[in-house]
Each structure stands twice: as structure tokens, then as C-alpha cells.
Amino acid sequence: MTPEPVDALIVGAGPAGLMAAEMLAAPGRRIVLADAMPSPARKFLMAGKSGLNLTKAEDAADFARHFAGSVDPQTGDFDPRAVMDWAEGLGIELFTGSTGRVFPVGMKASPLLRAWLARLEDVDLRRRWRWTAMQGGVFGFDTPGGPRWIAPRVTVLALGGASWPRLGSDAAWVPMLRDAGVDVASFRPANMGFRVDWSEPMRRHLGAAVKGVAIHAGGLIGRGEWVIGAQGVEGGGIYEVSAPMRDGADAHVDLAPDLDHAALARRFAKPRGKLSLGNWLRRAIGDPVKVALLLEWGQPLPKDAQALAALTKALPLRHDGPMGLVGAISAAGGITGDALTKDLELRALPGTFAAGEMLDWEAPTGGYLLTACLATGRRAGLAAARHLDQSAQACR
Ligand SMILES: Cc1cc2nc3c(=O)[nH]c(=O)nc-3n(C[C@H](O)[C@H](O)[C@H](O)COP(=O)(O)OP(=O)(O)OC[C@H]3O[C@@H](n4cnc5c(N)ncnc54)[C@H](O)[C@@H]3O)c2cc1C
């Protein structure tokens, strides 16, 4: 079949691909945005289910410090203030929470997505178009109408990472790009929980939220809430320290971060009398869930008040390793910095750019992920647009 000529092809209609499409859209340009799923931006919509944390109100330099990996997503290009202005420009009212996290007032992603797609009405969105092949600058898709080929003048790939594959980002593209000579680092879970084989007594706390503790791992501190789940520990406070834990750092929980060691030791020095061990510990540290964790991970409990205080402030978080990619919030790994120019063009495939979570950067939750996807989508889209303009001038 003869390939369909277009000016720009974007593969992947998540936030990175939509932003690249917004940068490329211009009167007279033929732009195709292809996505494997029946509807666009499914992970973005899922992100909105528990409150769409769009960005974090931090200055650009502080914000940039939260990223690791071989690709710098250059969020200074499209910093938190720019993200907020952009969302407000789509008619979405925002609020900033006490920790600086920025959300739409309505918390959901769907109103923003609706307004965004309306802005992109001139972009030809092709649903259920799965990219499966690439031959000399021509891209092959499996579509409901059978195989189709597109011959673009420029391309932006924005196929996402490898977590939550049922929402579309299944990383099936990795062998295709590796075969084309693009260096892709293997994906690993990021912002994920850790497996714990709980003892029987601990099982009655399944589903309980752990609040008011601090987890220390690899120089990071997780202060957010987390949950005692059937498979292990999950939630914001765990995600905050999940990267060093995944990479082998020991984690310790401070069950009483607002009490210093001496104050806690004084509490533990009080005689137990007729109190059960559980009730006596509860008097000292307050919360039955914290007591359960101390009994779970702190055995054998020291009898000495000083040693018990030290243990309560640095309780080893005993786990059996990270949970898998399937349930992780995001993924580390992807197209490496060496494979890309500063403009996110693939060195092995001139005229093809890449953006979003398919690149090898990682960041904690808190608005960093979406902001980096938008910033890289914007950078790749603008560079692809310049590439188009330059090739048009060269043809004149
Ligand atoms: C439960 C959950 C909550 C989250 N909450 C937040 C949050 O509050 N704040 C935050 O900053 N981040 C959050 N994230 C992370 C954020 O949603 C992702 O980082 C972001 O969606 C990644 O954007 P992307 O465009 O790179 O990829 P994706 O959103 O994964 O989009 C990639 C697209 O490519 C398509 N695709 C894949 N392969 C092919 C193919 N072969 N052919 C055609 N199309 C293909 C997919 O169908 C998909 O539509 C959350 C993630 C999860 C799972």
C-alpha cells in the first residue's frame, strides 16, 4: 500500500504527544496523531481520579533538582508557572495546596483534556492505530482497517513508559527502536510500593493509613501518608523514597518524628504496671498502627528505654523488594541521553523526536512527572516544527 504523506506524525496521545501536537499545529499543516487505544490520554485521565497533581509551585531551579536519569527534561523551558498559565489558558481554574502541589479546582483531568482536544481540532487524531513497524522513514500501523503506512516529514514519538500497560504504555516499541540503533535503558518501576509478607497479627491492620511518620532512605525523607496493603506498603510517603530503596538503600521509619529521642525515652521509662505491652506502647507513641509496625519490624523489642526510643526513631522497614512495573506510578529507564540531541531528536533517526516518559528520566510524584512530560513534549514539538520550516525553506 502507498504510504500516506503527512507533514508531521505524532505517535502517542498522552500529555507529551498532545503537547507536541499543540506546538506543531499550524494552518495548512497536515498533522496525524496516532494512538493505539480507543481514546486518548487514558493514563492522564487515571491520574485525575485521585486528584490531578499538575505541577508544584516551586521556582524552576528547585523544581529541576528533583529529576534523575540520563535525560534532563529541561523543565526550565516550561516551568511550574508556565504550566499553570497554560492550564488556566485552557479555562481550568487551579489551586495550590499547603505543600505547594497544584491541582485543578475540580481535581479531575477530564475538563482539561476536553478543552485541550478542542484546541487541537485541526489535528487528525487516529484512534486504535498501533505503531508496529518502521522502514526507512515510513511508519507502519495496525489499524481497525488493516495495516496502514504513513510517510511523515517529521515525527514525534511520545509512547509513554512501561507502567500501567493496560492504559496504553506497554513499551512494545523498545525492540523497534533498539533495532534502529537507538539506545534504550531497560525500564524499572518508579514511585512504586514494596512487597511485605505480613505476619498474621499484622493482617488486621490491612488497609490502615500510616500518618505522621517519616521514612529515611538514601538521604531522602518521605513524610507523606502510606497504606498497609495486602501485598505490602504503598502510597505517597513510600514513593518519595522509592528510588533509593529500589536501588538497594536501607529504609528506616521514624515513628515519632515530632518527638526527639530524649522525650521519647522519658515516655518509655515510665513503668508498664498492669498494662499490656500494646497499650503501654500506645501510651508512648499514640497510634495503634504505629505500635503494630513497631511490633512487626522491631522484634526482639529492647527492654531499655533508650534503646527502644532509638528503635522507634529508626525502625528498619523490612521488605521483600519493589512491586512490579504493572502497578507503578511511573517508570525509570527509556531512551537515553546519549541517543538524543538537546532538542530531543534521535541521533540514529534524524527528523524523529521523542518526548515524555519514554525518555530516561525519573522523578517523584508531586506534579514533577506531568510537568516533565509537558516540557519535553513542548521542546520536541517546537524542534520538529523548526525542522519542518527549515526543510520547506531548503526546498524553495
Ligand atoms: C495512577 C496514576 C496516577 C498518576 N498521577 C499523577 C499526578 O497526579 N501527577 C503527575 O505529574 N503524574 C501522575 N502520573 C504520571 C503521569 O500520568 C505520566 O507520567 C504521564 O501520563 C506520562 O505521559 P506520556 O505522554 O509520556 O505517556 P502516556 O500518558 O503513557 O501516553 C502514551 C500514549 O502512547 C500510546 N501508545 C503506546 N504505545 C503505542 C503504540 N505502539 N502505538 C500507538 N500508540 C501507542 C498509549 O496508548 C498512550 O496513550 C500518574 C500515573 C498513574 C499511573
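Modeller: Contact is taken here to mean heavy atoms within 4.5 Å. This is a predicted model in which local features need pLDDT of at least 70 and side-chain atom pairs count only at pLDDT 80 or more, while totals for chains, interfaces and linings use all residues. Residues are numbered from 1 along each chain as its sequence is written, and side-chain values use heavy atoms, with hydrogens and water left out.

Biologist: How many residues of domain 1 are in contact with domain 2?

Modeller: Seven residues of domain 1 meet that criterion, with four residues of domain 2 as their partners. The bounds, from an automatic or database domain assignment, are 4–190 + 325–394 for domain 1 and 194–316 for domain 2. Their centres, taken over C-alpha atoms, are 39 Å apart.

Biologist: What area is buried between domain 1 and domain 2?

Modeller: Buried area is the accessible area (1.4 Å probe) that two parts lose on being put together, summed over both. For domain 1 and domain 2 the value is about 480 Å², and carbon and sulfur atoms give 47% of this. On the side of domain 1, Arg 188, Glu 362 and Thr 365 lose the most area, together 50% of what that side buries.

Biologist: Which residues are the closest to the ligand?

Modeller: A residue is near a molecule if one of its heavy atoms lies within 4 Å of it. The ligand is surrounded by 30 residues, and the closest are Asp 35, Asn 53, Trp 131, Glu 357 and Leu 370.

Biologist: How much of the ligand does the protein cover?

Modeller: The protein covers 96% of the 1,000 Å² of accessible area that the ligand has on its own, by the Shrake-Rupley method with a 1.4 Å probe.

Biologist: What is the omega of the cis peptide bond between Gln 299 and Pro 300?

Modeller: Omega is about -5 degrees for the cis bond joining Gln 299 and Pro 300.
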